[in-house]
Amino acid sequence: MKDLTAEQQLLIKKPLPAEAVKPHPTKQGMSTIKAIYVTERLNDVFGIGKWTIKTDLLPATADGSLFTIRSYTTSNGKERTEYFAVAKTVLEIPDYGIHYECIAGASNDDMGDAAKGAATDAITKICSYMGIGIDVFKGQHDQALKMEEARVKLEISKAAMGIKKCETVEQLKDIKAKLPEYVLNSRDFKEAATERFNQINEKSAV
């Protein structure tokens, strides 16, 4: 059984991007998470094909029907039929011994989308148990994004300062091999690395 690496734990806690969170369509002051961003984070942390999701629809009515059906007239005077589904969703990541279950429900004017919504709501909730998107559930997403931005800036600044102390090209390569992509691709680090590389070459040519 594998243990989560420090890098994986950091990525789990990393705030989801701003575009992953939107205001709740019916509950004022609350937010929802776009499930595709949670899926992306699972792939980034554990790998594609390394985790599984299983969903079973549960009876939504006393007589055992899988959907409740409600017909009503909207405020615009249109007739609408709405389906409500309840699903039990199980997330398993065998390599790490992770197993979570959640029951959630969702409504939609399409049966398939109601069932899918119940599953995606459950996935989002389950992943919060591990820490993915947890700041959204705490109502602290904006604050978490600012803190993450400050952390990244500090990491880039430290890497840029460290690269200026290199005396050989080999040292440059060693430092770069240990840094994450977002640091390597940052403008400040690229400029510092290029400048130091040119300085080292100039000394060698003398």
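Lys-88 counts as partly exposed because its relative accessibility is 31%; buried means under 20% relative accessible area, exposed means over 50%, and partly exposed lies in between, with a 1.4 Å probe and protein chains only. The model is a predicted one, in which local features need pLDDT of at least 70 and side-chain atom pairs count only at pLDDT 80 or more, while totals for chains, interfaces and linings use all residues. Residues are numbered from 1 along each chain as its sequence is written, and side-chain values use heavy atoms, with hydrogens and water left out.

The side chain of Lys-88 meets that of Glu-101 in a salt bridge at 3.4 Å, N to O. A salt bridge is a side-chain nitrogen of Lys or Arg within 4 Å of a carboxyl oxygen of Asp or Glu. This pair links distant parts of the chain, for Lys-88 lies in strand β5 and Glu-101 in strand β6, 13 residues apart. Helices (H or I, at least four residues) and strands (E, at least two) are DSSP runs, numbered from the N terminus. Glu-101, at 41% relative accessibility, is also partly exposed.

Strands β5 (residues 79–93) and β6 (residues 98–108) pair in the antiparallel sense over eleven bridges; two strands pair if DSSP finds at least two bridges between them. Ile-93 stands opposite Ile-98 in β6. In the hairpin of these strands, four residues lie between them, and Gly-97 takes a positive phi near 65 degrees. Strand β4 (residues 67–73) also pairs with β5 in the antiparallel sense, over seven bridges, and Thr-68 has Phe-84 in β5 as its bridge partner.

Glu-148 is buried at 14% relative accessibility, whereas Glu-155 is partly exposed at 24%.

Helices α1 (residues 6–13) and α2 (residues 35–46) pack at about 170 degrees, with their axes 9 Å apart. Axes are lines fitted to C-alpha atoms, for helices over the stretch in contact, and angles run from 0 to 180 degrees between N-to-C directions. The two helices are therefore roughly antiparallel, as angles over 145 degrees count.

Terms used. Angles under 35 degrees count as roughly parallel, over 145 as roughly antiparallel, 65 to 115 as roughly perpendicular and the rest as oblique.
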